[in-house]
Amino acid sequence: MFPWDTLADATATARSHPGGIVDLSVGTPVDDVAEVIRQALADASAAPGYPTTAGTAALRASAVAALHRRYGITGLTEQAVLPVIGSKELIAWLPTLLGLGAEDVVVVPELAYPTYDVGARLAGARVVAADSVTQLGPESPAVMFINSPSNPTGKVLGRDHLRKVVTWARERGTLVVSDECYLGLGWEEQPTSVLHPSVSDGEHTGLLAVHSLSKSSSLAGYRAGFVAGDPAVVAELLAVRKHAGMMVPTPVQGAMVAALDDDAHEREQRERYARRRDALLAAFRSADFTVDHSEAGLYLWATRGEPCRTTLSWLAERGILVAPGEFYGPRGAQHVRVALTATDERIAAAVERLSS
């Protein structure tokens, strides 16, 4: 069963609140797509032919430039970038596209976005949950997923930790896949890409970084993402994806160019999330919640020191819907994940309810 299907009762309770539901359960954007992006989508809409699986030259160049400008990533070539149909698609199918099977091990974080585990299982690979390489003993995994800032916790992996992971993985021939969908949303700490020269020494062999425009540009509905890193792995993925028909539509590629080239709308969106975070963080703390980690990303990782479903019900009675931490692994059993993705009006309603 899809985890969110289990929230039916809590959703009904929250909807029955006289002031309506404040849905903070799913990190789906609610803000308008910037006009510069919408215009680019329209301008590219006269596209009767098939799109290129590799992406247009303009898109790949814009991705390389944006990663350098926004996150300090150097050494990438356009051939080391590949557009994908949203980052979830890439994560879910990556083990299969790489030809992994029952003899292969895929490492996922102990508290994690469920799709890492699902993707490994789709390929028939064995899943191991670990947050430290010392937990893995003699294992030589085929793939290791890392996620910084984390979904759900908002925890940031420091540069020393990332360097240790990269060194360990290279010694074993393990491909490190870094989910960096929230990389631009650092609040109390600034996250670093696994491709940054301070982590990779400018050498991207054995490294992939997965990026999404869903959060930074409110393009979840466009399914606009890309992967960058090891040119040989990117070439392998491109070859398989050509056969599988995995192509980002041409108009969406045009919109992605506009989104990657324009930093102003990205800064404005970041500022919206910062305001909402400040309001919710203060409100949850005033309601006797402890907020752990959450130094970056799009969520608050909150607890009242009780089973997460009890907290879920308590909030639902106040018209606030969140995600129970157990969705992300056993260690989340006493936490809930609170998304910052609601309108300013709904955030204000949640703050008022938590303060009363």
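Close-up 1. Tyr-116 is buried, with a relative accessible area of 0%. (Buried means under 20% relative accessible area, exposed over 50%, and partly exposed in between, with a 1.4 Å probe and protein chains only.) This is a predicted model, where local features need pLDDT of at least 70 and side-chain atom pairs count only at pLDDT 80 or more, while totals for chains, interfaces and linings use all residues. Residues are numbered from 1 along each chain as its sequence is written, and side-chain values use heavy atoms, with hydrogens and water left out. Tyr-116 and Phe-145 form a stacked aromatic pair, 5.0 Å centre to centre with 20° between the planes. (Rings of Phe, Tyr and Trp, the latter by its six-membered ring, pair if their centres lie within 6.5 Å; planes under 30 degrees apart count as stacked, over 60 as edge-to-face and the rest as tilted.) This pair links distant parts of the chain: Tyr-116 is in helix 5 (residues 115–122) and Phe-145 in strand 5 (residues 143–147), 29 residues apart. (Helices, H or I with at least four residues, and strands, E with at least two, are DSSP runs numbered from the N terminus.) Phe-145 is buried too.

**Close-up 2. A cluster of three rings.** The structure holds 7 aromatic pairs. In one of them, the rings of Tyr-113 and Tyr-116 have centres 5.6 Å apart and planes at 80°, so this pair is edge-to-face. Ring pairs link Tyr-113, Tyr-116 and Phe-145 into a cluster.

**Close-up 3. Arginines over Trp-314.** The charged end of Arg-304 sits over the ring of Trp-314, 4.2 Å from its centre. Arg-318 lies over the face of Trp-314, at 3.7 Å from the ring centre. (A charge sits over a ring if NZ of Lys or CZ of Arg is within 6 Å of the ring centre and within 35 degrees of the ring normal.)

Close-up 4. Strand 2 runs antiparallel to strand 8 (residues 225–229), and 4 bridges join them. (Two strands pair if DSSP finds at least two bridges between them.) Val-81 stands opposite Ala-228 in strand 8. Thr-53 lies in the loop between helix 2 (35–43) and helix 3 (57–71). At 8% relative accessibility, Thr-53 counts as buried. Its contacts (heavy atoms within 4.5 Å) include Leu-82 and Pro-83, not counting residues up to four places away in sequence.
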